[in-house]
Amino acid sequence: MPDFDKYAQPEGIDLDGNVVATYLLRSRFEDILSRVASFATEQTTGTWVKVPGETRELTRRHQGKVLGVWEVPDLETEPEEPGRDRTHIFQIAYPVANIGSQIPLLLTTVFGNISMMGDIKLLDLTLPRSLVSGLPGPRFGMDGIRRLLEVPHRPLLNNMIKPSTGITPEQGAELFYQVGLGGTDIVKDDEVLGDTDFSPVLKRVELYMKKAEKVRQETGRKILYAVNVTDEPERCLNKAIAAVENGANAVMVNYLPTGMAILSSLARNPKVSVPILAHLDFGGVFYASPYHGISSHLVYGKLARLAGADILTVPTPYGKFPISYTKYMKIVMALRNPLYDVKQTFPIAGGGVKQGHLPRLFEDLGHDFIVGAGGAVYAHPMGPTAGARAFRQGIDLIMAGKGLDESVEDYPELKAALNQWGIYER
């Protein structure tokens, strides 16, 4: 028989005082109600056996409560084949008092030990204002980035310098200048380029920002340079501060290999007074399995936004990442949809994106996205300036309501890109 004290109706708890976690579980447990109740205990007040000190008052204040268990499909009779795998969705409420406003203990509470207890996936988190209000969120957000660049409406263009690593700051600065002339709004380091002997971070900041100023003087356009400060926690923070003090106008971090709390540390620090670009690498470790891990719209969406990402690279189903269209759209919704008073995170749609993907991106995302392009800029048959210009030409044509049709004849750079790679058709 299940322990009824470990269950509650959603209407019977203080929703502003609890985090509600939703899970998927595939198992062969006959007594699924007791199994799920054991998860609520494991992640809050107790363990596998009753221990002294676990008083009724303590459990009343700090015990997790099971809010619901649903089988998929919703069987009303026992299956004819006992012992087979069965799939359930369940929800547990965890008191905010156990957690505070921080992501490490939030993740520990909702998915710590139980992440190692079989085929279980964290599908979603409903977070109360009482927790969210203490998290940093984006400092600039989508609107702030637009104000910085003085681009109020159109999609932005981001370029990842290629080759990804192995080049010197001098070589990278020349590539920066070329794509800047082509109309790039944001240039970022590749995620695999760190602070190395052949390319020190501060040297890149020095040379790249000089090129950004040269582009501004020649074209009147501003460029953000997101320098990769990924490192161990203290070194990452110190590196970001040093980069800003030396002129960097944005920083980038691989927030999953470093730990998601790195974003919060950067976003909370007044000396890191520039936009933070969070990179998506390592995400498959969390979300790739359909039966285990954490759903991608949490990893790339809600949690990254709350942690402080102003800009986030997200996978699209059109390039090299095998993500579903539905998941891709849920990620973007989590970054842009209202979330109390938290600012929106600007999504970079990348991963093998080409000029011919622009109509699809506009159809999916409207105007509020950033094109993330690397290979389609540098491998353009007319060179990287032309590759960036081809993206800008496509963006401007679609913004004008013309699309990528016969009108591209007037734009040789865009025409060359479409001849090279085609127009994406879903």
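This is a predicted model: local features need pLDDT of at least 70, side-chain atom pairs count only at pLDDT 80 or more; totals for chains, interfaces and linings use all residues.
The model contains an open sheet of five strands, arranged in the order S2-S3-S1-S4-S10 with mixed pairing. Its edges are formed by strand S2 (65-72) and strand S10 (293-294), each of which pairs on one side only. Between S2 and strand S3 (residues 86-95), the pairing is antiparallel and extends over seven bridges, and within this part of the sheet glycine 68 stands opposite glutamine 91 of S3. Helix H1 (residues 32-42) packs on the sheet, where it touches strand S1 (18-27), S2, S3 and strand S4 (119-126), and the direction of H1 makes about 140° with that of S2.

Strand S3 also holds threonine 87, which counts as buried because its relative accessibility is 19%, the cut-off for burial being under 20%. Leaving aside residues up to four places away in sequence, threonine 87 touches Leu24, Leu25, Arg26, Trp70, Glu71 and Val72. Val72, one of these contacts, is joined to proline 73 by a cis peptide bond with an omega of about -5°, and proline 73 is found in the loop between S2 and S3.

A further helix, H3 (residues 103-111), lies across S1, S3, S4 and S10 and runs at about 130° to S4. The buried residues of H3 are Ile103, Leu106, Thr109, Val110 and Phe111. Viewed down the axis of H3, these buried residues fall within an arc of 160°, and they therefore line one face of the helix. Their cover includes the strands S1, S3, S4 and S10, together with helix H4 (129-132) and helix H12 (296-307). At the start of H3, a side-chain oxygen of glutamine 102 comes to within 3.1 Å of the backbone nitrogen of leucine 105.

S5 pairs in the parallel sense with strand S13 (residues 370-373) over four bridges, and asparagine 159 stands opposite alanine 373 of S13. S5 also runs parallel to strand S6 (residues 186-188), to which three bridges join it; here the bridge partner of asparagine 158 is isoleucine 186. In the loop between S5 and helix H6, where proline 163 is placed, the peptide bond from lysine 162 to proline 163 is cis, with omega near 5°.

Helix H6 (residues 169-181) in turn packs against helix H16 (residues 384-399), and the two axes come within 7 Å and cross at roughly 35°. The crossing of H6 and H16 is right-handed. Gln178, Val179 and Leu181 of H6 make this contact with Pro384, Thr385, Ala388 and Arg389 of H16.

Strand S11 (residues 311-315) runs parallel to S12 and is joined to it by five bridges, with threonine 313 standing opposite isoleucine 348.

Most residues other than glycine have a negative phi, and most peptide bonds are trans. Phenylalanine 282, by contrast, has a positive phi, near 85°, and lies in the loop between strand S9 (276-278) and helix H11 (284-287). With a relative accessible area of 45%, phenylalanine 282 is partly exposed. Tyrosine 340, whose phi is likewise positive at near 50°, is placed in the loop between helix H13 (325-336) and S12, and at 38% relative accessibility this tyrosine counts as partly exposed.

Terms used:
Residues are numbered from 1 along each chain as its sequence is written. Side-chain values use heavy atoms; hydrogens and water are left out. Two strands pair if DSSP finds at least two bridges between them. Helices (H or I, at least four residues) and strands (E, at least two) are DSSP runs, numbered from the N terminus. Contact means heavy atoms within 4.5 Å. Axes are lines fitted to C-alpha atoms, for helices over the stretch in contact, and angles run from 0 to 180 degrees between N-to-C directions. Buried means under 20% relative accessible area, exposed over 50%, partly exposed in between (1.4 Å probe, protein chains only). The arc is that of the directions from the helix axis to the C-beta atoms. A polar contact is a pair of N or O atoms within 3.5 Å; within protein, one must be able to donate a hydrogen and the other to accept it, and residues adjacent in sequence count only if both atoms are side-chain atoms. A crossing is left-handed if the near helix is turned anticlockwise from the far one by less than a right angle, and right-handed if clockwise.
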